[in-house]
Amino acid sequence: MTAKILVVDDEPLLEYVIQQHFREKIRSNELVFSFASNGRQALEQLESDPQIGVVLTDINMPEMDGLDLLSHLKEKDSTLKAVVVSAYGDLANIRTAMNRGAFDFLTKPIDFNDLELTLQRSLESVQQTRADVTQLQQAQTYLIQSEKLASIGELVAGITHEITNPVTFILGNVEHAENYFHDLINVLNLYRRYCVENIPRIQAAIEAVELDFVLEDLPKLLNSMREGTERLDSICKSMRTFVRADTSAKELFDIHEGISSTLIILKHRLKANDSCPEIEVVTDYGDLPLVECYPGQLNQVFMNILANAIDALEDYNLSRTEAEIQANPSRIYIRTEAIANYKIVIHIADNGPGMTEEVRQKLFDPFFTTKPVGKGTGLGLSISYQIVVWKHNGQLKCNSKQSQGTEFVIEIPRHQPSIQANTQE
Ligand SMILES: Nc1ncnc2c1ncn2[C@@H]1O[C@H](COP(=O)(O)OP(=O)(O)OP(=O)(O)O)[C@@H](O)[C@H]1O
Ligand SMILES: [Mg+2]
């Protein structure tokens, strides 16, 4: 990895000397130096290049001296390390510099071996601090997101619970209503058959309500009410499986149930609509054992990966002609398999546009997105990665090439280390 160092000194010769001394490392791109002749210029350069990790600065310079620069560095980037170069014996300035957060100091004339060692140490320290900060940010993002998920989960679980009861009694009553209605039709038909006397008031009422049409339409109507309620019931079941407000507990889970419930929740996005043809989902489920995991979180991973596939396919279809779409319809392919007795693997592939190698490499970075503002936050896959890799000791990989579709491979160990002994087959 290239390390970037900013040298701040009003002595123009220093640039030449440094370029000479470090020429090997500069040539091999191990080190990149940039130069400024006072504190103000240094701040401008830091503004335009956030990759700079170490600032090597003189103290006495025009416009803004090194001590003033030190006071500004912390506000700019707290991970930066500053090394101060001062005259031999200038203890007062060295004390001030250290108090203002300098990482180390060197004395003039510069001993280049000492300089090399000091830069090395400073760069290592910057890299470590930046890695720690990134890890901390990821952990924070994960925490915020899981808090959000937990509260959304609670909300959805609450609403689902409230809807489930009325749906259940409508479903139960629709069945009775259908039976009663058949009985009523039978009685009515018997009347019409055996009570043949023509009573004008009854005749008028039959015509007014269009009885024949009603008799023909009512069964269809009741049937569609039953279908609708059954669908509501299955959505409620899926929501319950999907949200399982169990973010803190591992349990044995049927992965296929998780995938199916996610697909039901995404159903509206898979169906054809005005702007998009249907997206077909093909499943090839292996014989999977129950898996010890956090079900709500794994469902979140399925949701993120499937929603991304749908986004990619929808986007792809906008740029394809009808003939191209018909020749190669949008498809998501889900395959599961158990590997020996210790892990399960889920493949989720799409025949969408695929991605460039550059995108593939940044895929799991927090906030990386190629979607327009308001559509993507760039968190879906980074959170999925944390759930699979950190929370489940699994692996999440992506195989993709531009114009050749995308495949995500999720591997989850069947047992989690801490409670392995308690699980049943
Ligand atoms: N199946 C896919 N096909 C093509 N590109 C994909 C696919 N899945 C993910 N990507 C790319 O990876 C990027 C990051 O995905 P990620 O899910 O992390 O964020 P997002 O979908 O952009 O936003 P968010 O999920 O937070 O709403 C996407 O913006 C997209 O460019
Ligand atoms: Mg996403």
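The legends below describe close-up views of helices in a predicted model. Local features need pLDDT of at least 70, side-chain atom pairs count only at pLDDT 80 or more, and totals for chains, interfaces and linings use all residues. Residues are numbered from 1 along each chain as its sequence is written, and side-chain values use heavy atoms, with hydrogens and water left out.

**View 1. Helix α8 packs against helix α9**. Here α8 (residues 211–243) meets α9 (residues 255–265) at about 125 degrees, with axes 9 Å apart; axes are lines fitted to C-alpha atoms over the stretch in contact, and angles run from 0 to 180 degrees between N-to-C directions. Look for Ser-234, Ile-235, Ser-238, Met-239, Thr-241 and Phe-242 of α8 touching Glu-257, Ser-261, Thr-262, Ile-264 and Ile-265 of α9 (contact: heavy atoms within 4.5 Å).

**View 2. Helix α8 also packs against helix α11**. With α11 (residues 295–318), the angle is about 110 degrees and the axes lie 7 Å apart, so α8 and α11 are roughly perpendicular. Thr-241, Phe-242 and Val-243 of α8 meet Gly-296, Asn-299, Gln-300 and Met-303 of α11.

**View 3. Helix α6 and its start**. The 83 residues of α6 (residues 112–194) should span 123 Å at 1.5 Å a residue, and the 117 Å between its end C-alpha atoms agrees; the expected span is 1.5 Å times one less than the number of residues. At the start of α6, a side-chain oxygen of Asp-111 comes within 2.9 Å of the backbone nitrogen of Asn-113.

Notes. Chains lettered and ligands numbered in written order. Helix = DSSP H or I, 4+ residues; strand = E, 2+ residues; numbered from the N terminus. Polar contact = N/O pair within 3.5 Å; in protein donor to acceptor, adjacent residues only side chain to side chain. Parallel < 35°, antiparallel > 145°, perpendicular 65-115°, else oblique.
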